[in-house]
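Look at the fold below.

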Amino acid sequence: MKTLIKNGYIVTKDNELNQVDVWIEGTKIKALGNLETEDLEFDQVIDAEGGLITPGLVDVHVHFREPGFEYKETIETGSASAAKGGFTTVCAMPNLNPVPDTKDKLNDVNRRIEKDSHVKILQYAPITKELNSEELVDFKALKEAKAFAFTNDGVGVQTAGIMYQAMEEAAKIDMAIVAHTEDESLLFGGVMHKGQISEKLGLPGIMSATESSQIARDVLLAKETGVHYHVCHVSTKESVEVIRQAKKHGVHVTCEVCPHHLIMKDTDITEDNGRFKMNPPLRATEDQQALIDGLLDGTIDCIATDHAPHSHEEKNQSMVHSPFGIIGSETAFQLMYTHFVQTGKFTLAQVVKWMTQTPSEIFNLKTGTLNIGSCADIAIFDLNKKLTIEDNFVSKSNNTPFIGEKVTGETLYTLVDGQIVWHRGE
């Protein structure tokens, strides 16, 4: 199939907008630039309407809940939600039922993905059996079954010895360890950031050291083993500094930050409501600034959503009883553009790179760029469209504190391997 995208703009690394046409042949980009296409016939012509053309967004941290928790989300609805947000490659966490901790279980998840997904889903495998045990999985077998990387996201690895052994095994087969860093012995039943707001609301708090102390442990183990160690959803100033120093000392560590931690802080929590409960929690103002500074100086590598759907009944209660997590696939680009590009804190080129090229590079993915010969994974955004985030998500869930917020930017089209998987108005 031959497709032409016309009347769109790309952002250069110098943050300049250049008008381009994109010629797609089959699943690849054949040509781009100011193309002479008048004498050519295309099977499909897409009018970008003056919008921004980017590589398809890449999210290395989502939860799609299937199998086991389909009432929250499914592979079909989660991937459709990602497509609506402009994401073409997403990496799904293994906190499922059953946990994909064997070759057969992982093969079953991948068969479901192949059958139902609208976008490219790369499936994580766990580090230990059943996620919360201290028995390592068969790393080699799970790599053969196409595991993307290894993580116990949601619970973390509590024992240093187990994490060290896991890093050794992952390093042998050139795979990444991706860490949810949380020392459970320091939780003390916490549900939000420990500080003045938690005290005001009478809610148990989560110390910053719950996260940063485990990162400090792990970067030392990563240095010993030489593994690629990636930290999920960094949230504290201490964590940023530990990672910054580890990088300076040559440790192969990368990390991500979520839009909600960049945009919100604990002072934005006005009531005891489950929609504000996420893990890690919304932190203090100085933590938020450290995250912004960390992105700008390269300590933090990329932006990921941690899309974590839950049912209305689960989230519509006190933070003490509500599960952790908010959705993010459909709002991430809009929120980043509105809060950071339009305010001049980040350039458009920076945001696009953090959401496409950089996550692809750190995990050696074959996507994230717009080049001749690249796979035609593409998003087109209307940067003039003003809208209000409403409860009309493609996701099965609506658990986000951003409902009612006015933002700018909307996904016009999302293409995966040259095929339209999202079109505004569908």
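Rings of Phe, Tyr and Trp (its six-membered ring) pair if their centres lie within 6.5 Å; planes under 30 degrees apart count as stacked, over 60 as edge-to-face and the rest as tilted. By this rule there are eight aromatic pairs. The model is predicted, so local features need pLDDT of at least 70, side-chain atom pairs count only at pLDDT 80 or more, and totals for chains, interfaces and linings use all residues. Residues are numbered from 1 along each chain as its sequence is written, and side-chain values use heavy atoms, without hydrogens and water.

Two of the pairs are set out here.

| Pair | Centre to centre | Angle between planes | Class |
|---|---|---|---|
| Phe-139 and Phe-150 | 4.4 Å | 45° | tilted |
| Phe-340 and Phe-346 | 4.7 Å | 20° | stacked |

Phe-139 lies in helix 3 and Phe-150 in strand 9, so their pair ties together parts eleven residues apart in sequence. Helices (H or I, at least four residues) and strands (E, at least two) are DSSP runs, numbered from the N terminus. Phe-150 is buried, at 0% relative accessible area. Buried means under 20%, exposed over 50%, partly exposed in between (1.4 Å probe, protein chains only). Phe-340 is buried too, at 2%. Tyr-124, Phe-148 and Phe-363 form one aromatic cluster.

Now the helices. The axes of helix 11 (residues 332–341) and helix 12 (residues 348–355) come within 10 Å and cross at roughly 150°. Axes are lines fitted to C-alpha atoms, for helices over the stretch in contact, and angles run from 0 to 180 degrees between N-to-C directions.
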